[in-house]
Amino acid sequence: MQLNIVVYSKSACPQCDIVKNLLKAKNLAYEEIRIDDEEQRIAFYAKCGPSVRSMPQVFINDQRLGGVAGLQAAFAQLKL
């Protein structure tokens, strides 16, 4: 199964580091897109939906999972 994983993150973000470390531990390749500018981040959140207000945001095959909990749930569902 081919997984296209994109992690939207920001600098100095412990939750972002956890997500990246979880992916590395599973030997899953991912693209990281950092959004350190506050205005760009707010615009990104608006595109994701009204409930999104935090980083990281993980997408697998263009589907938003959310952050750490969402990624862990996807691992369980995909049996990774």
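# Core, sheet and disulfide

User: In this predicted model, how many residues does the largest nonpolar core have?

Analyst: The core draws on L3, I5, V7, V19, L23 and L28. It also takes in V58, I60, V68, L71 and F75. In soluble globular proteins, nonpolar side chains tend to be buried together. The number of residues in this largest nonpolar core is 11.

User: Which element supplies the largest share of this core?

Analyst: β1, α1, β3 and α3 each give at least two residues to the core. Helix α3 spans 68–78. The largest share is three residues, and it comes from α3.

User: Which residues does L3 touch, not counting residues up to four places away in sequence?

Analyst: L3 belongs to the largest nonpolar core. Two of its partners, L28 and I60, are listed in that core too.

User: In what order do the elements of the protein chain run from the N terminus?

Analyst: The protein chain has three helices and four strands. Its radius of gyration is 12 Å, close to the 12 Å that the globule rule gives for 80 residues, so the chain is as compact as a globular protein of that length. From the N terminus on, the order is β-α-β-α-β-β-α.

User: Which strands stand at the edges of the sheet?

Analyst: The sheet is open, with four strands in the order β2-β1-β3-β4 and mixed pairing. An edge strand here has a single partner, so one side of it is left without a neighbour in the sheet. The twist averages 25° from one strand to the next. The edge strands are β2 (31–34) and β4 (63–66).

User: Which residue in β3 stands opposite V7?

Analyst: Strand β1 covers residues 5–9, and β3 covers residues 57–60. The two run antiparallel and are joined by four bridges. The residue opposite V7 is V58.

User: Which strands does helix α1 touch?

Analyst: Helix α1, residues 14–25, packs on the sheet. Its direction makes about 160° with that of β1. The strands it touches are β1, β2 and β3.

User: Is K20 buried or exposed?

Analyst: K20 sits in helix α1. Beyond its neighbours within four places in sequence, K20 contacts S9, Y30, E32 and R34. Its relative accessibility is 7%, and the cut-off for buried is under 20%. K20 therefore counts as buried.

User: Which residue in the turn between β3 and β4 has a positive phi?

Analyst: β3 and β4 run antiparallel, joined by three bridges. I60 stands opposite Q63 in β4. The two strands form a hairpin with two residues between them. The turn residue with a positive phi, about 50°, is N61.

User: Which cysteine does C13 join in a disulfide?

Analyst: The S to S distance of the link is 2.4 Å, and the cut-off is within 2.5 Å. At 75° about the S-S bond, the link is right-handed. Both of its cysteines are buried. The partner of C13 is C16.

User: How far is the sulfur of C48 from the closest cysteine sulfur?

Analyst: The count of disulfides comes to one. For C48, the closest cysteine sulfur is in C16. That is too far for a bond, because the distance is 13 Å.

Terms used. Residues are numbered from 1 along each chain as its sequence is written. This is a predicted model: local features need pLDDT of at least 70, side-chain atom pairs count only at pLDDT 80 or more; totals for chains, interfaces and linings use all residues. Side-chain values use heavy atoms; hydrogens and water are left out. Two strands pair if DSSP finds at least two bridges between them. Axes are lines fitted to C-alpha atoms, for helices over the stretch in contact, and angles run from 0 to 180 degrees between N-to-C directions. Contact means heavy atoms within 4.5 Å. Buried means under 20% relative accessible area, exposed over 50%, partly exposed in between (1.4 Å probe, protein chains only). A nonpolar core is a set of buried Ala, Val, Leu, Ile, Met, Phe, Trp, Tyr and Cys residues joined through side-chain atoms within 4.5 Å. The radius of gyration is taken over C-alpha atoms; the globule rule is 2.2 Å times the number of residues to the power 0.38.
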